Amino acid sequence: MANTETQEQQEPAGRRGVADRTAVVTGGGRGIGRAIAEVLVADGARVAIFDIEVPKEPVRPDQGANTLFVECDVTDEQSVDAAYSRVESVWGGVDILVNNAGIFALEPLEETSLESWNRMIAVNLTGSFLCSRRALPHMRRQGWGRIICMGSSAGKTGGAKDCAAYGAAKAGVMTLAKAIAGSYAQWGITANALAPALIETDMVAGIADLADQIPVGRLGQPADVAQAVRFLAGEEAGYITGEVMDVNGGFLID
Ligand code: NDP
């Protein structure tokens, strides 16, 4: 290879992974979001958890100074703005946003009320829009940012039967990531989505019998998703944008 410069020399001095970055993880009080927050804090980021409920135990008690819980309903524009203002007053601008907050319901389409449809879209999609819109100006000004949206394999396939609203919302959030990627790459901002399936959290409680349908032979764990976020959020993933990464044990290979 003509260019003998090492990887270390090519990367900006002093930056590795997510160290010394400020991150927001929505819905980080439990489940996948909590695992994401733990991994990012362990890697040296400051992490603000935006959630509607205070987590029962602090994330990584030994890293207390690097975590901040902020009560926030991602569907509420004022609540999102106030939560960002709180983080900015403590740590400055947000460098990494993980749009993880979500809800799930199985409902036959003909029995889905407009209220239920709207709520599904509001939490899974509109919340990601509101949080991304609030994060982008700082990222643009500093010429660096990472946005990761939590999609789902259901957003590709329509999901198992009876989850039309969820599937539609997740398709939307994955497309939102692509749209941000195309518009904001010029400012050093990447935006990607994950499409997990069958991750063992409260959301999928009671469907453990599906494990035998997963080629790797087990349900996914929140940490499986957190590792993908860790990679996409890091310094070294700057050439990956507009991508949807499956985290599904081979459940959907497309
Ligand atoms: P959980 O239900 O375990 O956690 C969801 C979190 O989002 C909770 O902390 C919840 O708060 C929070 N939340 C819900 N509504 C809001 C809101 N309006 N504002 C702020 N926070 C909110 O789910 P998972 O950890 O399983 O899922 C995380 C993400 O991953 C979701 O987007 C989900 O759709 C996606 N996903 C999950 C899969 C799985 O198999 N588990 C598969 C594919 C995608 P509270 O505790 O107060 O309810």
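**Figure 1. Helix H2 spans residues 31-42.** Its 12 residues reach 17 Å from the first C-alpha to the last, close to the 16 Å expected at 1.5 Å a residue; the expected span is 1.5 Å times one less than the number of residues in the helix. Helices (H or I, at least four residues) and strands (E, at least two) are DSSP runs numbered from the N terminus. This is a predicted model, in which local features need pLDDT of at least 70 and side-chain atom pairs count only at pLDDT 80 or more, while totals for chains, interfaces and linings use all residues. Residues are numbered from 1 along each chain as its sequence is written, and side-chain values use heavy atoms, with hydrogens and water left out.

**Figure 2. H2 is mostly covered.** Nine of its 12 residues are buried, where buried means under 20% relative accessible area, exposed over 50% and partly exposed in between (1.4 Å probe, protein chains only). The buried residues are Ile 32, Gly 33, Arg 34, Ala 35, Ile 36, Ala 37, Val 39, Leu 40 and Val 41. What covers them includes strands E1 (22-26), E2 (46-51), E3 (67-71), E4 and E5 (145-150), as well as helix H7 (222-233). Just after H2, Gly 44 takes a positive phi of about 100°.

**Figure 3. Helix H6 and the elements it packs against.** H6 has 21 residues and reaches 30 Å from its first C-alpha to its last, close to the 30 Å expected at 1.5 Å a residue. Its buried residues include Ala 165, Tyr 166, Gly 167, Lys 170, Met 174 and Ile 180. The buried residues of H6 pack against H4, E5, helix H5 (154-157), strand E6 (189-196) and strand E7 (244-247).

**Figure 4. Aromatic pairs.** Rings of Phe, Tyr and Trp (its six-membered ring) pair if their centres lie within 6.5 Å; planes under 30 degrees apart count as stacked, over 60 as edge-to-face and the rest as tilted. By this rule the count comes to three aromatic pairs. One of them, Phe 104 with Tyr 166, is edge-to-face, at 4.8 Å centre to centre and 85° between the planes. This pair links distant parts of the chain, 62 residues apart: Phe 104 is in the loop between strand E4 (96-99) and helix H4 (114-142), and Tyr 166 is in helix H6 (residues 164-184). Phe 104 is partly exposed because its relative accessible area is 33%, whereas Tyr 166 counts as buried at 8%. Tyr 184 and Trp 187 form a tilted pair, with 5.5 Å centre to centre and 45° between the planes. Tyr 184 is partly exposed at 22%, and Trp 187 is partly exposed at 32%.

**Figure 5. Arginine side chains over tryptophan rings.** A charge sits over a ring if NZ of Lys or CZ of Arg is within 6 Å of the ring centre and within 35 degrees of the ring normal. Arg 21 lies over the face of Trp 144, 3.5 Å from the ring centre. The charged end of Arg 140 sits over the ring of Trp 187, at 5.5 Å from its centre.

**Figure 6. Residues around the ligand.** The ligand is surrounded by 27 residues, each with a heavy atom within 4 Å of it. The closest are Arg 30, Asp 51, Asn 100, Tyr 166 and Thr 201. A polar side-chain atom of Asp 51 lies 2.7 Å from an oxygen atom of the ligand. An N or O atom in the side chain of Asp 73 is 2.9 Å from a nitrogen atom of the ligand. Thr 201 is found in the loop between E6 and H7 and is buried, with a relative accessible area of 16%.

Methods:
Contact = heavy atoms within 4.5 Å. Polar contact = N/O pair within 3.5 Å; in protein donor to acceptor, adjacent residues only side chain to side chain.
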